[in-house]
Amino acid sequence: MNLRLLRWLAGLLLTLVLVTAGWVAAGPWYVTAQIRDGIVHGDEVLLARHVDFPALRADLKQQLHAMLAGRAAARQDERMAQVVAGIAALLVDGMVERYVTPDGLAALSSGGEGRRPFANARHDWEAHDRHVLYVPAGNDDEVGFVLARRGLHWQLVAIRLPVPA
């Protein structure tokens, strides 16, 4: 091979690497815009492409069960606390299945009535493959929307609820 062809191939390879890195780095902002558009326009197909609803539901159930377990442990009557925790766990599972939908996502991501989804979001990189959008939820609380990179694609995989005091 001649030197000219090697330089051309090296330039092409460098360009491909830079374009790919740029795409991956810009991915969270692109996916956030896509999720916002899906919410605003009620496009469930678009949301399904960018939101892993089964993972989101599982994550929220785990968080809510942990919150309930913490509150139940703080009660004096251990037997009654176990009964209440069991009933609450059943209610949580049903509630999460019913409300972790495009409409529920719209309510959480807007941070309040009349606001656009993710309008006041603060972006934070946790790792090269994990990005979190923090949306104000009132009283200095924030809801965290966790985006995870899967290959070259980003998806919403978890929501971090504020921890009650």
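Visitor: In which helix does histidine 50 lie, and is this residue buried or exposed?
Guide: In this predicted model, histidine 50 belongs to helix 2, which covers residues 44-50. Buried means under 20% relative accessible area. Histidine 50 has 3% relative accessibility, so it counts as buried.

Visitor: Which residues is histidine 50 in contact with, leaving aside its neighbours within four places in sequence?
Guide: Histidine 50 sits in helix 2. Its contacts, with neighbours within four places left aside, are Tyr30, Val31, Gln34, Ile35, His153, Trp154, Gln155 and Leu156.

Visitor: How many residues of strand 4 are buried?
Guide: Strand 4 runs over residues 153-160 and has eight residues. The rest of the structure largely encloses this strand, because the number of its residues that are buried is six.

Visitor: Which residue of strand 4 is the bridge partner of glycine 144?
Guide: Strand 3, residues 141-150, pairs with strand 4 in the antiparallel sense over seven bridges. The hairpin of these strands has two residues between them, and glycine 151 takes a positive phi near 70 degrees there. For glycine 144, the bridge partner in strand 4 is arginine 160.

Key: Residues are numbered from 1 along each chain as its sequence is written. This is a predicted model: local features need pLDDT of at least 70, side-chain atom pairs count only at pLDDT 80 or more; totals for chains, interfaces and linings use all residues. Side-chain values use heavy atoms; hydrogens and water are left out. Buried means under 20% relative accessible area, exposed over 50%, partly exposed in between (1.4 Å probe, protein chains only). Helices (H or I, at least four residues) and strands (E, at least two) are DSSP runs, numbered from the N terminus. Two strands pair if DSSP finds at least two bridges between them. Contact means heavy atoms within 4.5 Å.
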